Amino acid sequence: MTSAADVQRNEAMQAHEIAVNPPTVRTDDPVAKAVQVVVVNRLPGLIVVDDADRPIAVLPGTQVLRLAIPGSYQDDPALVRTVDEVSADLFWREAGNLTVGDCLPSPVAKPATVPPEATLLEIATVMAKKHSPLIAVVDKTGRLTGAVTLERLLTSLAVAGPGD
Amino acid sequence: MAPVLALAIFVAAFWFIATERADKVKTVLIAAALMAVLGLIPGERVFYSEHEGIDWNVIFLLLGMMVIVGVIKQPGVFDYLAIWAAKRSRGKPFRLMVMLMLITAIASPALDNVTIIMLVAPVTLVVCERLRIAPQPYLIAEVLASNIGGAATLIGDPPNIIIGSRAGLTFNDFLVHMAPAVVVIFALFVVLTRVLFRADLRAHDVNLQQVMALQERRAITDTRLLIRALAVLALVIVGFGLHSVLHVAPSIVALVGAGTMLLVTNIDVTDVLPEVEWPTLVFFMGLFVMVAGLVHTGVIGTLGAAAASAFGENWFLAATALIFGSAILGAFIDNIPYTATMTPVVEEMAAQTPDAETGRALWWAFALGACFGGNGTAIAASANVVAIGIAKRAGHPITFWKFTKYGIVVTLLSATLAWAYVWMRYF
């Protein structure tokens, strides 16, 4: 017998319904590719997956940018100030042949994920807590099944809300 | 039964720490909890016994110094110094290496090694990349120099902090007994680097223009903050020098210094507290409880007595064993847990000596061996691990053996010189 709560839950929007299939990168991909994926697909962030398609990291756009900042500058604002203007414009070229794995922070923060049946409120709280405009949707085995962007979530919230 | 149980818990935990199979903070907390729950160390001793519990003097000395360092690093003085040194070296590799080693070795006795490396390594990478020379030899030389320099004072290296607190040795004791040895060993180490790194120090076609374009003056934006922070640091060092006269524990000097630093620099506390390495402090607490289990169950007493009887009345042989044994063991396992474990053993040995002077000679032998052992391998000291991590993230990896092949030579040289120093001065 189906309870009232189950009926309500089935009618409410869930993560898998609003998820998109974003392109992902692996740790051995070059940083340049990661930046390119974000730019070309106009993504708010990027999901780094392992060989079994399990998310290793969910990076907001600002943290994708961090991948391209040479490690020497990341935690040393005084050193950043010493760099002349000409070189400062070209900092991202210094990433060279570095891979995503080389540039991920250590330790990597636990990826922001939700299960496919997560409600809009669950997604919103994870997004807010993790300061991430992108959340990975994973199945019970931890494999990536999709992703929810901030834009999709806000649109869904607007649609789900009472009409004017 | 209790000693066997305590030893089994300790050995298992130490294995996990040494092999890095598990997080070291988790490991010591579990081992400490087991010691307490199984009654191998009574609860009240954990908190209230200096010799069979957490050494709060060490914990608060570390905390105070971490806060002081958290403020000192803000004005960018190390970036300024390293870029200035690079420009003054005119791109000559050996001159650059010596200047960078001097910066780290002079700063290490006053601030901790890990922070010095965290401050100097990034600017070293930038300078070397701009000169188009491999940064690895310079980073390795800086780490070796910081581990040697840190041995000079009570606050320069964590093993010294533990030894000083347990043996009741003052800041001035370290200055008088350790600093002379460190100065001589550092001078010879600088000469040795000319040979050790000769292949990397050949004149290259360097790109000096790129380094000259760096604007080191921009690193320091708040001169007032810098002057105030350096003035407080100078006062803290004077305070350490007077702590035995004023009958104030070094930890109190560090805490008062930390408070004064925050007060006069008007820096936001929330900017400084994240600079405190909380996991390190928790690691130390767990480690002390682990070792306390061994002390309380009599394992350490038995070990110390056995060590003392093994050397008979030959205390020079005991000092020799402490220097070389500590240098070798400290090289293969992190020298902090090694020192924390061995300190009560050395205390037992020192108690058996015929006079206090001989007992102190054993402490100095132990301190020199434990500090210089930190150079032995890539994992022997926290500064080594931090430098290797920074190099890897910048795309200039330093393999375990690349570091160790230099580290072993420097450890052998410094331990042998330390042994000659102990022999000539104390026996």
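Me: How do I read a buried area between two chains?

Reply: Buried area is the accessible area (1.4 Å probe) that two parts lose on being put together, summed over both. Here, chain B and chain A bury about 1,500 Å² between them, and carbon and sulfur atoms give 48% of that. A caveat: this is a predicted model, where local features need pLDDT of at least 70 and side-chain atom pairs count only at pLDDT 80 or more, while totals for chains, interfaces and linings use all residues. Residues are numbered from 1 along each chain as its sequence is written, chains are lettered from A in the order written, and side-chain values use heavy atoms, leaving out hydrogens and water.

Me: How many residues does each chain bring to the contact?

Reply: Contact means heavy atoms within 4.5 Å. Chain B brings 21 residues and chain A brings 15.

Me: And how many salt bridges are there between chain B and chain A?

Reply: Look for a side-chain nitrogen of Lys or Arg within 4 Å of a carboxyl oxygen of Asp or Glu. Chain B and chain A have 2 of these. One of them pairs Arg218(B) with Glu85(A), at 2.8 Å, N to O.

Me: What does Met101(B) touch?

Reply: Skipping residues up to four places away in sequence, its partners are Ala141(B), Glu142(B), Ala145(B), Phe186(B), Phe189(B), Val190(B) and Thr193(B).
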